[in-house]
Amino acid sequence: MNDKVLVVLSGGQDSTTCLYWAIERFGRENVSSLTFDYGQRHRIELAAAAEIADFAGVPNAILPIDTFAALGGDALTAADIAVASGLNEKTGLPNTFVPGRNLVFLTFAAAFAYQRNIAHLVTGVAQTDYSGYPDCREETLKTLQTAIQKGMESEIQIHTPLMHLSKKEAVELAQDLGALPAMAMTHTCYNGERPPCGHCPACELRARGFEEAGVIDPLLL
Ligand code: ZN
């Protein structure tokens with residue numbers, strides 16, 4: 001095992017907090033970041049991730065996975081499905097749920113890390129007061145880590161520092177880690193707007209976290 005760590009960086013608030021968590025825990029020289037281009041409607045996310053990594057002083061790589069849009073049916077990759085319409089009628093899950101996304105991302109991230117002798121992965125998933133994505137739950141991540149370790153004959157570890165934090169606690173952690181300046185570059189809005197629209201589920205969740213923590217969102221300054 002070594003101290004090299006790969007952060008899955010989406011360009012959003014949570015993965016940015018994780019980037020700073022990794023820098024503090026493993027040392028900046030050991031940290032790199034990986035961003036997935038999965039055909040997301042909001043290309044602004046890719047630019048945000050690159051900007052944040054640059055600001056934090058760590059390398060960033062972008063990995064294209066253009067399969068999800070071809071699968072169809074979710075509001076984050078399909079331009080004809082409105083985020084605001086809420087839940088998928090069949091599954092009861094938010095229509096922003098991209099089935100298998102985190103499983104695929106982390107498996108690719110693990111393969112990317114394996115090739116570079118990186119022993120740790122960090123992802124910003126959380127099961128607390130979020131949208132209820134089943135691939136963000138701790139049990140899913142633990143099981144996936146086991147599958148990856150067995151499938152790659154590797155000791156690679158998946159770290160989920162935000163797993164049990166509320167949005168308020170995640171903001172407080174970001175503050176403690178000195179991640180707030182980078183928050184001004186993050187992208188959260190499901191409608192892809194900058195400045196953020198303020199009324200989509202992602203904007204509302206983000207706003208509530210900052211409000212409860214008593215911190216002004218640097219994105220809005
Ligand atoms: Zn929004």
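Cys197 is buried in this predicted model, with a relative accessible area of 15%. Cys197 belongs to a metal site: a zinc ion is coordinated by the SG atoms of Cys189, Cys197, Cys200 and Cys203. The coordinating atoms lie at 2.3 to 2.4 Å from the zinc ion. The site has 4 donor atoms and is tetrahedral, with angles of 103 to 117° among the donors. Along the sequence, the donor residues follow the spacing C-x7-C-x2-C-x2-C.

Burial was also computed for other cysteines. Cys189, a zinc donor, is buried at 1% relative accessibility. Cys200, also a donor to the zinc ion, has a relative accessible area of 3% and is buried. Cys136 is buried as well, with a relative accessible area of 10%. A disulfide is a covalent bond between the sulfur atoms of two cysteines. With a cut-off of 2.5 Å between cysteine sulfur atoms, the count of disulfides is 0.

The protein as a whole contains 8 helices and 5 strands. Read along the sequence, these elements give the pattern β-α-β-α-β-α-α-β-α-β-α-α-α. The protein has 221 residues, of which 50% are buried. Of the contacts between residues at least 6 apart in sequence, 72% join residues at least 24 apart.

The 5 strands form an open sheet with parallel pairing, in the order E3-E2-E1-E4-E5. Its edges are strand E3, residues 60–64, and strand E5, residues 157–159, each of which pairs on one side only. From one strand to the next, the twist averages 25°. Strands of a sheet pair through backbone hydrogen bonds, either parallel or antiparallel.

Within this sheet, strand E1 (residues 5–8) is joined to strand E4 (residues 120–122) by 3 bridges, and the two strands run parallel. In this pairing, Val5 has His120 in E4 as its bridge partner. Strand E1 is also joined to E2, by 4 bridges, again with the strands running parallel. Here Val7 stands opposite Ser33 of E2.

Strand E2 (31–37) is mostly covered, with 7 of its 7 residues buried. In a regular strand the side chains alternate between the two faces of the sheet. In E2, Val31, Ser33, Thr35 and Asp37 point one way, while Ser32, Leu34 and Phe36 point the other way. Residues pointing in either direction from E2 are all buried.

Helix H1, residues 13–26, lies across strands E1, E2, E4 and E5. The helix runs at about 170° to E1.

A further helix, H6, spans residues 167–176 and includes Glu169. Glu169 is partly exposed, with a relative accessible area of 34%. The C-alpha atoms of Glu169 and Ala213 are separated by 7.2 Å, although these residues are 44 residues apart along the chain.

Notes: Residues are numbered from 1 along each chain as its sequence is written. This is a predicted model: local features need pLDDT of at least 70, side-chain atom pairs count only at pLDDT 80 or more; totals for chains, interfaces and linings use all residues. Side-chain values use heavy atoms; hydrogens and water are left out. Buried means under 20% relative accessible area, exposed over 50%, partly exposed in between (1.4 Å probe, protein chains only). Donors are N, O and S atoms within 2.8 Å of the metal (3.2 Å for Na, K and Ca); water is not among the atoms, so sites may look incomplete. Four donors count as tetrahedral if all angles lie between 85 and 135 degrees; four count as square planar and six as octahedral if opposite donors are over 155 degrees apart and all others between 65 and 115; anything else is irregular. Two strands pair if DSSP finds at least two bridges between them. Axes are lines fitted to C-alpha atoms, for helices over the stretch in contact, and angles run from 0 to 180 degrees between N-to-C directions. Contact means heavy atoms within 4.5 Å.
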